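Student: I would like to go through a structure with you. Could we have it on screen first?

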Amino acid sequence: QVQLVESGGGLVQAGGSLRLSCAASGITFSRYAMAWFRQAPGKEREFVAAVSRSGSSSDYLDSVNGRFTVSRDNAKKMVYLQMTSLKPEDTGVYSCAARHTILTTPISRDISDYANWGQGTQVTVSS
């Protein structure tokens, strides 16, 4: 049974930092690309960042590029999202997602490509 559990959310002032973690179980983690999505109140869920199964490639939403860093530890079955210079518009529920891929599969931003999801962790950035 696939399980993804996020942690690390909270309340932070604008300009601050948070590190989100996602622990995976029930999968051969190294065969999965991992992504972070977020959903703000009243808005649709959107792509934030993704990392390839090896960790060698990553992709970011333009508005977070340069502020957020996605990484993974395949030995620990963990994926991380380091968020710096946070802005109020970064507020939302952040969820990690897993997508089974082969080595040549490009990173996807499409929600429908990700079959496994965590419950999410709340990030609130105050102005």
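Student: Is Lys77 buried, partly exposed or exposed?
Tutor: Lys77 counts as partly exposed, at 32% relative accessibility; buried means under 20% relative accessible area, exposed over 50%, and partly exposed in between (1.4 Å probe, protein chains only). This is a predicted model, in which local features need pLDDT of at least 70, side-chain atom pairs count only at pLDDT 80 or more, and totals for chains, interfaces and linings use all residues. Residues are numbered from 1 along each chain as its sequence is written, and side-chain values use heavy atoms, with hydrogens and water left out.

Student: Where is Lys77 placed?
Tutor: Lys77 is in the loop between strand S7 (68–73) and strand S8 (78–83); strands (E, at least two residues) are DSSP runs numbered from the N terminus. Lys77 has a positive phi of about 60° although it is not a glycine. Most residues other than glycine have a negative phi.

Student: Changing topic, how many aromatic pairs are there?
Tutor: The structure holds 3 aromatic pairs; rings of Phe, Tyr and Trp (its six-membered ring) pair if their centres lie within 6.5 Å, with planes under 30 degrees apart stacked, over 60 edge-to-face and the rest tilted. One of them is the edge-to-face pair of Phe37 and Phe47, at 5.8 Å centre to centre and 80° between the planes.

Student: Is Phe37 buried or exposed?
Tutor: Phe37 is buried, at 0% relative accessibility. The rings of Phe37 and Trp117 form a tilted pair, with centres 4.9 Å apart and planes at 50°.

Student: Which residues do the ring pairs link into a cluster?
Tutor: The cluster consists of Phe37, Phe47, Tyr114 and Trp117.

Key. Helices (H or I, at least four residues) and strands (E, at least two) are DSSP runs, numbered from the N terminus.
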